[in-house]
Number of protein chains: 2
Amino acid sequence: MDKVQSRARGRRGNGGGGAERPAQRDPERTRASILAAATKEFAENGIGGARVDAIAERAGTNKRMLYHYFGDKEQLYLAVLEEAYIGIRSAERSLHLSDLEPEQGVAELAMFTWKYFLDHPEFLSLLGTENLHRARWLRQSTRLKELHSNFIDKLADLLDRGKAKGLFRTDINPLNVYLTIAALGYFYLSNQHTLTTIFGRDLADKANLEAWKRHIVHVTLSSIRR
Amino acid sequence: MDKVQSRARGRRGNGGGGAERPAQRDPERTRASILAAATKEFAENGIGGARVDAIAERAGTNKRMLYHYFGDKEQLYLAVLEEAYIGIRSAERSLHLSDLEPEQGVAELAMFTWKYFLDHPEFLSLLGTENLHRARWLRQSTRLKELHSNFIDKLADLLDRGKAKGLFRTDINPLNVYLTIAALGYFYLSNQHTLTTIFGRDLADKANLEAWKRHIVHVTLSSIRR
DNA sequence: CAAGCCAGTAACTAAACGGTTACTTTGTGG
DNA sequence: CCACAAAGTAACCGTTTAGTTACTGGCTTG
């Protein structure tokens, strides 16, 4: 029962550089760790298979806190989904397509998307889960409706520059180009387990992953070149 | 042990032409309707979200029968998965790639795959569910291991003919070509709900579906042509 | 420094769930 | 026509599940 007495610490005031104090009560940390745990649990098991108790345990906290911060299981799932989309959209912002030559820009976008999918398998799983349920929660989300991003517009500019230079076909549109890139990356990764089983070739092998990245760039570029 | 040999098939012997007997007891019919109901339920809700009671009700039978014919929920899911794979593999057999010119053959394969995916959304859902669980049940299945099909071999022949005629690049391989075709179809359809929500364009619209079919053929062919 | 609110815990509950038991009905072969 | 096996039903069972209640301990502020 002898809880350490000098917990003092103003939590966020530890800028000096000392060792981080565990901080027995830290709402932000608790909330964040619930969200992280829920992301894993929902990604691994889908919404129907995810267990509220499992999330609480993974977060190192209590089930009560989960309801305290997020209301119920569905709202928690929505928070997870929103955070996942915010993640990729903000990462996309680090791409500066307008600074690049048209072909190089398309190649960069393809490689960026591939790497993002590769590094964030939980994002792919959540997309799959959400689509299984016909975007039921995504449609509810007001936060995400605003997030559409001018991303497609930027891609359109890039493609227009390529068209003006006579490099690209004039009948291509940015949505199709993006869907092509996303499709090739998404399918390979999200379906790797059944494909590996059926075709007897380990798609997760490093050399195969690298080869598929080059394949995506090749396919995308050759489909838009004149 | 002493299985009676001449069970003397009742049941299907009503060929004479009389009105079809409702057949109060019909094991095959019951089994089939459970399988069909389970396919829907698993496709709509995933394995964790599917409810055994819901399957029994959809099948117009009793939960007991489900356990009678399939053992338990997981074995029923496996039976559903196996049937789904058998469906696409046997449909593939109706494609006679060896009779076609190389370019036409690739185009036919692409359009066939697209149409199959479009007509069998439950197959796509089951694939998604199975991959979420890292092909846990598919790997268990001994029946499906044999089903690999000489499909890839047939595609390889087609591509080789194209290479010999100087139509196709010599560095392409059949698995990549098939994955490209499948990826473009799968992603568009399985992710249509989130994509439609995010990009504000109805991907399920008939004109868009037709355009995407042409897009798949175009992308595939332009990526393999010399 | 005490009042009051907020973070956190554990034990509980009602309903839902997968699976089973005990039983009835129907068809078939001896 | 009787015996037996398979098809089918309904009520039930133990466990798991999402969600709650009642409580403790700690932080901030007037």
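Me: How many residues does the contact take from chain B and from chain A?
Reply: This is a predicted model, in which local features need pLDDT of at least 70, side-chain atom pairs count only at pLDDT 80 or more, and totals for chains, interfaces and linings use all residues. Residues are numbered from 1 along each chain as its sequence is written, chains are lettered from A in the order in which they are written, and side-chain values use heavy atoms, without hydrogens and water. Contact means heavy atoms within 4.5 Å. By that rule, chain B gives 51 residues and chain A gives 51 residues.

Me: How many salt bridges are counted between chain B and chain A?
Reply: A salt bridge needs a side-chain nitrogen of Lys or Arg within 4 Å of a carboxyl oxygen of Asp or Glu. Between chain B and chain A the count is zero.

Me: Which helix of chain B gives the most to the side that touches chain A?
Reply: Helices are DSSP runs (H or I, at least four residues), numbered from the N terminus. Elements giving two or more residues to this side of chain B include helix 1 (27-49), helix 10 (174-190) and helix 11. The most, twelve residues, comes from helix 10 of chain B.

Me: Is B:Gln192 buried or exposed?
Reply: B:Gln192 lies in helix 11 (residues 192-199) of chain B. Buried means under 20% relative accessible area and exposed over 50%, with partly exposed in between (1.4 Å probe, protein chains only). Because its relative accessible area is 18%, B:Gln192 is buried.

Me: Which residue of chain A does B:Gln192 touch?
Reply: Residues up to four places away in sequence are not counted. B:Gln192 touches B:Phe187, B:Leu203, B:Ala204 and A:Asn131.
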